[in-house]
Amino acid sequence: MIHKTWQTKQPVKKVTCIHTNAKKYVVKNVLTVGKQYDVQNETEEFYFVIDNTGKVGGFYKEYFEEQA
């Protein structure tokens, strides 16, 4: 049950939101373009970040750019 500790653990890395143009879902309400987010977990397709609501949400990687 790793997801129960995502709020309190150290972030894996930081990513920056580059767009919120979602085809299916509304993400502009929980992500801000240009803002950096802490990645709490990552899969092949998703980043799990603490979004603007203060909760961990899973978002497609296409919305983000990794920090160098």
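A salt bridge is a side-chain nitrogen of Lys or Arg within 4 Å of a carboxyl oxygen of Asp or Glu, and a search of the whole structure finds 4 of them. The model is predicted, so that local features need pLDDT of at least 70 and side-chain atom pairs count only at pLDDT 80 or more, while totals for chains, interfaces and linings use all residues. Residues are numbered from 1 along each chain as its sequence is written, and side-chain values use heavy atoms, with hydrogens and water left out.

**Salt bridges around glutamate 42**

- Lysine 61 and glutamate 42 meet through their side chains in a salt bridge at 2.8 Å, N to O, and this pair links lysine 61, in the loop between strand E4 (56-60) and strand E5 (64-66), to glutamate 42 in strand E2, 19 residues apart.
- Salt bridges with shared partners join Lys13, Glu42, Lys61 and Glu66 into one network.
- Lysine 13 also forms a salt bridge with glutamate 42, with the closest N and O atoms 3.0 Å apart.
- Glutamate 42 is partly exposed at 30% relative accessibility (buried means under 20% relative accessible area, exposed over 50%, partly exposed in between, with a 1.4 Å probe and protein chains only).

**A further pair**

- Lysine 14 and aspartate 38 form a salt bridge at 2.6 Å, N to O, linking strand E1 to strand E2 across 24 residues (strands, E, are DSSP runs of at least two residues, numbered from the N terminus).

- Glutamine 40 lies in strand E2, residues 36-42, and is buried, with a relative accessible area of 1%.
- Beyond its neighbours within four places in sequence, glutamine 40 is in contact (heavy atoms within 4.5 Å) with residues including Trp6, Phe48 and Val56.

Key
Helices (H or I, at least four residues) and strands (E, at least two) are DSSP runs, numbered from the N terminus.
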